[in-house]
Structure formats: structure tokens, C-alpha cells
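I am opening a notebook on a structure that is new to me, and I want to write down what I look up as I go.

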Amino acid sequence: MSADEDARWLEWVTKQFESIAGDDKEIDLDEFKTALKVKESFFAERFFALFDSDGSGSISLDELLEALDLLIHGGETDKLRFLFRVYDVDGSGSIDPDELRTVLKSCLRESAISLPEEKLDDLTLALFESADKDSSGAITFEELKAELEDFPEVMENLTISAANWLKPPEAERKQRQTPRYLTPTYWQNNSRKLLFLCGYACLSLALFVGAVLQHRRGSACYMLAKGCGQCLNFNCTLVTVLMLRRCLTWLRATWVVRVLPLDQNILLHQIVGYAILGYTLVHTAAHVLNFVQLAERSGFSVWEYLLTTRPGIGWVKGTASVTGVVLQVLICLMGLCSSTFVRRGGHFEVFYWSHLSYVWVWSLLMVHCANFWKWFVVPGLLFLLEKIIGIAVSRMGGLYIVEVNLLPSKVTHLVIKRPQFFQFKPGDYVYINIPAIAKYEWHPFTISSAPEQSDSLWLHIRSMGQWTNRLYEYFRQPPSPRRLAASLRSGRLSETRADSSGSAHANAAVASNQDNAVELTMYRHNGSRAAATPPLPPDQAGPAERGEAPPLREVDHVSGKFGENHRFCNIKCYVDGPYGTPTRQIFASEHAVLIGAGIGITPFASILQSIMYRYRRRKQNCPNCNYSWCENIKDSEMKLRKVDFIWINRDQKSFEWFVSLLTKLEMDQADGEPEGRFLEMHMYMTSALCKNDMKAIGLQMALDLLAKKEKRDSITGLRTRTQPGRPEWAKVFQKVSEENKGKVHVFYCGSPALAKVIKAQCEHFGFNFYKENF
């Protein structure tokens with residue numbers, strides 16, 4: 001630090017100390033724990049003991065400054081010696097196995113990682129054996145220092161929460177000279193959307209000016225109202241066109257997708273919706289002012305103009321004003337209920353039911369405006385045709401939910417019997433209606449199974465609102481005795497148990513040939529082999545691989561129970577779709593980066609299965625030397641040369657949603673490829689402390705060592721090592737750029753906040769960015 005930075009740091013620390021210490025000018029242990037904000041008190045107590053150099057039971061300002069000066073300004077050896085003293089609990093000058101185990105156990109709790117006691121022993125042994133170079137039974141400071149030198153990423157920026165706690169805020173970064181929206185990369189990546197918006201704005205302006213000129217003999221308020229009214233005719237039609245899902249899905253397969261921003265149809269729908277709200281408010285306000293002027297010259301009051309048909313304004317018995325007031329209320333209500341805090345705040349049903357008032361809006365617009373039907377007739381007929389087709393398709397075939405798995409973090413995995421006529425692309429989504437949950441509600445969810453899985457559809461639904469919570473609770477409750485009795489009388493329960501037993505034996509056989517820990521995880525959370533393996537070709541797949549459930553009668557009830565969170569059932573449902581998404585572009589890219597945050601993995605689960613199915617189809621093996629390679633077959637549907645899959649989860653349990661699928665994908669690439677791995681996985685756990693945090697150094701070193709020894713990650717059971725913290729996107733994309741595998745396309749599904757960060761980085765590196773949105 002420079003002299004100015006030192007003075008600034010000292011001033012900051014002093015102010016922070018005074019706000020915490022209070023009148024006694026000392027920080028006791030409880031105040032220290034509160035300020036440090038650690039989950040595990042072990043570290044707070046150890047840090048407090050080391051900061052309290054005189055052993056008085058409290059920390060003075062001088063003691064705090066001395067300790068923080070060491071941690072922030074001290075050299076590498078000083079920081080390592082402080083770390084060593086944290087681990088040396090009894091102060092003997094060496095770290096024994098019991099002390100190391102105690103520290104690692106606290107590290108696990110601090111990082112919200114749950115491992116069995118046996119795995120904790122393995123971690124302790126792996127780190128102790130590696131660090132104890134002379135096999136003396138204790139780790140000295142020199143041995144710990146030598147061990148840390150093998151982990152350069154740890155020593156790169158060694159920090160501690162206590163040091164960061166009172167660190168001065170970083171100086172404000174200089175803003176970029178060129179705003180992001182004016183960079184060539186931004187215009188290149190958003191060219192179709194920007195051109196569309198420019199055309200939309202120019203057309204709206206032309207319509208407004210044309211209407212104003214047409215009614216130029218009226219007052220200014222009247223001309224303004226007519227101009228906004230003409231724009232409303234156009235926008236209320238365009239907002240319908242942008243939601244013709246079947247038409248848009250069909251257009252995605254044509255050259256139009258290279259010209260029009262079909263992938264941003266939801267965003268454009270929202271923009272047009274807010275434009276409608278704005279035009280409506282101005283249109284209504286202009287008419288009110290016009291009525292005020294008319295009331296002064298006529299025998300009608302302003303309220304008569306607004307709320308009655310007496311003035312005779314409108315082409316249908318003078319109802320223009322009355323219908324206009326109702327339309328204003330409906331459109332404002334739809335705009336309010338479409339806000340992000342409603343849709344994303346667990347109140348999707350409010351948005352859903354309020355949005356259905358579009359039927360009334362269209363009907364009232366027909367009565368309100370004499371020319372609206374001319375704008376609306378073609379899109380309206382297409383919309384009606386889509387609805388009729390959707391109802392017909394959803395009611396055909398009699399779909400049933402045949403299997404349910406309740407996964408961690410309240411995720412419901414539904415297995416639906418797939419009809420023969422149902423064709424979809426990887427990453428597509430459907431609307432599902434389950435009468436047993438809500439008779440008239442339809443909700444969109446991504447299909448998480450691959451198209452090659454011919455007999456079943458998978459949906460993974462996270463409980464985030466009223467309907468999804470009711471769905472989870474419906475299957476979490478045990479079957480009623482009446483339903484079980486009915487199942488026993490029909491003989492179905494015994495059949496279900498017999499089939500379940502067969503699935504259990506199949507899983508046990510697989511487990512004997514693979515790592516037991518991973519396969520038991522697959523068995524426990526997925527219940528059947530169908531959920532544990534990606535699809536095989538139809539001629540090679542048996543009933544379990546195809547995801548088939550036992551034969552069931554067409555009655556709505558839950559049948560037998562297989563495991564605590566897995567059961568077979570026969571619940572009636574209706575499916576409308578499939579509908580295309582931006583992920584359909586993935587097979588046209590050369591280097592695809594798939595980023596899923598939390599349950600945002602669902603579209604990529606389908607895509608990864610489909611990719612690996614095609615990859616296996618092109619993969620060849622020499623019968624003599626077992627050398628494997630991928631034939632350079634020109635596939636018009638798949639140009640991929642490399643796939644990077646990044647999955648970011650908040651906690652450890654969330655990885656269990658798809659751990660069996662990812663395990664199988666890793667096994668498909670067990671053999672080395674001459675050009676490197678076709679599919680690379682990158683797992684991140686945000687609740688875990690980063691490697692350069694002093695409270696997690698020992699744990700991350702132990703996890704690395706044990707992963708190298710067992711060739712398997714202790715957190716997920718995958719071969720891919722789970723990284724703690726959040727990805728450093730600049731480094732991630734820099735590595736992707738240096739691989740030179742072709743044009744990079746980044747596909748993302750997850751929270752909007754993270755989408756903005758990733759999109760900004762994509763624009764910096766010149767990558768195409770696609771966000772899953774429906």
C-alpha cells in the first residue's frame with residue numbers, strides 16, 4: 001500500500017473498531033463473533049485467541065491493528081505462520097491428526113458441506129500423509145509451508161475473513177471510456193434485436209404522425225389521442241404475434257431465424273406490453289382533457305362523457321368511453337401483475353390469471369375501435385387456430401404421470417408416458433396441466449429428457465410458487481388407505497413391488513461394476529435405472545432403460561411406494577407443446593458453453609443427453625487395439641467440436657438432481673480422445689469458501705488430494721472436481737477463447753442477475769449469448 005492508502009486504511013479500521021467496541025474501547029469474544037460473521041465458532045475463537053496477544057480476554061485497538069497489519073501487509077511466511085497457529089490448537093508447535101480432523105470438520109461446516117464421518121477420516125488421512133513428509137506423526141511449520149507450495153492457486157491471494165472484515169473499501173474503478181451499448185461487439189451480438197426495435201420505433205412513429213395529420217382539424221388533445229389510438233391498434237396486434245408459439249417454433253427451422261430476433265420474442269413481448277400501457281395512459285389522459293373542453297361547449301358533464309353512453313361517442317351505440325375506462329383498468333392490472341416481483345416472487349398464479357384477461361381486452365377493443373378488427377383479423381385467426389390445435393393435441397393420447405421422484409431442495413421429477421406422435425428438440429418446453437393439482441392451470445416447464453428417449457418425458461419442477469408447492473406436497477403425502485386398498489384389490493401393488501425389486505437388483509448389479517458410492521447415490525435419489533442412465537437406442541433399450549413403469553390402469557391414483565421419495569403412479573395430465581427455445585441453435589455452433597444456475601440445468605440435461613447420443617453414434621472403436629476415435633461425418637444437424645458445461649449450485653444437495661446422468665456422461669468419455677475431451681464439466685458450489693480463504697485452505701487441499709487419489713470428487717461423486725465459490729467469468733471465458741475450437745456460443749438458463757454478468761463478458765470476448773426464457 002502507498003502512504004495515502006495506509007492512512008486511509010488506518011482511518012477505516014479505527015472507525016470500524018469504535019462502532020463495534022462501544023464505550024469500553026475493547027472487543028470481547030461475543031462482539032468479535034458477531035462482527036466476523038462466521039458460521040462455525042471454532043474459527044472465531046481461534047482468531048480471537050491469536051488477536052488477543054496479551055491474553056486479557058479482549059482485543060484493544062492496538063492489538064487489532066497489529067494483527068491486521070500482519071495479515072494485510074505481512075509477507076507470505078507471516079501469513080502462513082498465522083495459519084499454522086490456527087491449526088495448532090494446543091500450541092505445541094506441531095499439528096497432530098486429531099487437531100487436523102477438528103479443523104477440517106469446522107471447515108466443512110463453514111462451507112456448508114455435509115460428508116459422512118468416514119469421508120472426513122479419509123480427508124484427514126490424505127492431507128496428513130501428504131504434509132507429514134518425515135512420517136513423524138506430526139506436521140511442522142516447514143512441512144505445512146512445503147505442502148502449500150504445491151498449491152500455487154492458494155498462495156496467489158491468501159486472505160482471511162477477519163482481514164477482509166475491516167479492510168477499507170476498494171477505490172472506485174475507472175469507468176470504461178466507451179459505454180457498453182456503443183461498442184461494436186454489442187451491436188454485432190444484438191444486431192437482429194436492435195434492427196427490429198429500430199424498425200418497430202420507425203413504424204410506430206409513422207403511424208402516429210399519419211393519424212395526427214388525418215385528424216389535424218381537431219384539437220391538440222384529440223390529435224394526440226388519435227395518434228396513440230392508431231399505435232395501440234398496431235401494438236395490440238403485434239403483442240399477439242409475438243406469442244404465436246407454434247408459428248415461432250416453426251419459423252425457427254427456417255431462414256427467418258437469421259433475420260428476425262425470434263429468440264427474444266418474450267423480451268419483445270414485454271417491451272410491446274409496456275408500450276401498450278404507456279400509449280393507453282396517454283390516450284386516456286388526452287381524451288379526458290378533450291372531454292373537459294367539450295363539456296364547456298355542450299350540455300354534458302365530464303362524467304357523462306366518461307361513464308355513460310349519452311353523448312353517443314363510439315361506433316357501437318356510443319360505448320367508446322365506457323369500454324375505454326374498462327380497458328384502461330384491465331391493461332393497468334395486467335401490467336402490474338406482469339411485474340418481475342409478482343412473477344418471480346412466488347405469485348405466478350396472480351400473473352397467470354390476470355393475464356387471461358387478454359380475451360376481454362381483445363373483445364372490448366373490437367367494440368371500442370371501429371378499425372381494430374382490420375388489424376387483428378389475421379393474427380387473431382392464427383391465435384385461435386393455435387389454441388384449437390393445442391387443445392386437440394393436449395387431449396389426444398391420454399397422457400399419464402407414471403413415476404415421481406422427490407429430489408432435494410423440493411424438486412419434483414415427473415416421468416410422463418410419451419405418446420408416439422410427440423416429437424421435440426433438445427431444450428424445448430411444454431405447458432402441463434394436472435387436474436389433480438389445479439384443473440384449469442397450465443404451467444411451462446423445460447423437457448429434461450432427450451428426444452432419443454422414445455417412451456417417456458422428464459420434467460424437473462422446483463417448488464417456487466403456489467402450484468409447484470402443491471405439486472410437491474401432493475406427491476410427498478403417503479397414499480391414503482382407500483387408494484392402497486384399491487391397488488391391492490386390482491393386484492397392481494404386488495406388480496409394482498415386483499418390478500421395483502427387479503429395478504433394485506439391476507442397480508445392485510451395476511453398482512458391483514462401478515464405484516459403490518456414486519451408484520448408491522444414483523439408486524437412492526433416482527429410484528430406478530431409467531432415471532440413472534441416459535437413453536439407449538430403442539433396439540438396445542430394455543423397459544428399465546426406456547423409463548417404463550409397470551403396466552397401470554387408467555385411473556387417477558398413486559399406486560405402490562418405492563423408497564421414501566420415489567413411487568410409481570398413474571396421474572392424468574395434459575401436455576401442450578412442444579415449443580422451441582434459443583437452445584435450438586446449439587447444434588449449429590462449433591464450441592458451445594452451457595451454463596446452468598440451480599434448476600436452470602433442466603434444458604441442458606436434455607441437450608447433453610442428445611449430444612452424447614449423437615457423439616456415441618459417430619464414435620468408432622478399433623476391435624484389435626481398442627483405439628477410439630470420432631469419424632468426421634458431416635452432420636447437418638450437429639457441427640459441435642467442443643462442449644463446456646458449467647453448473648452453479650448454492651448447496652451440495654442440489655447436485656443430486658442430475659448426478660447419475662452426469663456420471664454416465666463422464667463414463668462415455670472414459671477413454672482419452674486425440675483432440676481432447678469433447679465434453680468438459682465444471683461444477684461450482686457457491687456456499688463453499690474459496691480456496692484462498694484461510695478458513696478453507698486445509699479443506700480444499702484435502703479435497704484435491706483425495707480426489708486425485710480416488711479419481712472421484714467427494715462432494716458429488718463425479719470425476720469432475722467441484723470448485724468452491726463462484727466462477728471468475730473473465731478467466732473462464734479467456735480459457736474458452738484460447739482453445740480455438742471455432743465460434744463460441746454461450747447458452748444460459750438461470751437467474752436474470754447472473755445473466756447480465758455473463759452477457760457482459762460474452763460481449764467482451766465476442767461470444768454469441770443466448771438466454772433461455774419462456
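This is a predicted model: local features need pLDDT of at least 70, side-chain atom pairs count only at pLDDT 80 or more; totals for chains, interfaces and linings use all residues.

Entry on charge. I looked for charge on the surface and found a patch of negative charge in which Asp 23, Asp 24, Asp 28 and Asp 30 gather. I then placed one of them, Asp 23, in the loop between α1 (3-21) and α2 (29-36). Asp 23 has a relative accessible area of 80%, and because exposed means over 50%, I noted Asp 23 as exposed.

I next found a nonpolar surface patch of about 810 Å², made by Trp 373, Val 377, Val 378, Leu 381, Leu 382, Leu 384, Leu 385, Ile 388 and Ile 389. Of these I followed up Trp 373, which lies in helix α21 (residues 372-395) and is partly exposed, with a relative accessible area of 44%.

Entry on helix α3. I asked myself why helix α3 counts as largely enclosed by the rest of the structure. I found that eight of the 11 residues of this helix, which covers residues 41-51, are buried, and so it is largely enclosed. I listed the buried residues of α3 as Phe 42, Phe 43, Ala 44, Arg 46, Phe 47, Phe 48, Leu 50 and Phe 51.

Entry on Asn 265. Is Asn 265 buried or exposed? I found a relative accessibility of 8%, so Asn 265 counts as buried. Asn 265 belongs to helix α15 (residues 265-297), and, leaving aside residues up to four places away in sequence, I recorded that Asn 265 touches Leu 242, Met 243, Leu 248 and Arg 252.

Technical notes:
Residues are numbered from 1 along each chain as its sequence is written. Side-chain values use heavy atoms; hydrogens and water are left out. Patches are made of residues with over 30% relative accessible area and no salt bridge: like charges are joined within 9 Å, nonpolar side chains (Val, Leu, Ile, Met, Phe, Trp, Tyr) within 5 Å. Accessible areas come from the Shrake-Rupley method with a 1.4 Å probe; for residues, only the protein chains shown count as cover. A salt bridge is a side-chain nitrogen of Lys or Arg within 4 Å of a carboxyl oxygen of Asp or Glu. Lys and Arg count as positive and Asp and Glu as negative; His and the chain ends are not counted. The place of a charge is taken as NZ of Lys, CZ of Arg, CG of Asp or CD of Glu. Helices (H or I, at least four residues) and strands (E, at least two) are DSSP runs, numbered from the N terminus. Buried means under 20% relative accessible area, exposed over 50%, partly exposed in between (1.4 Å probe, protein chains only). Contact means heavy atoms within 4.5 Å.
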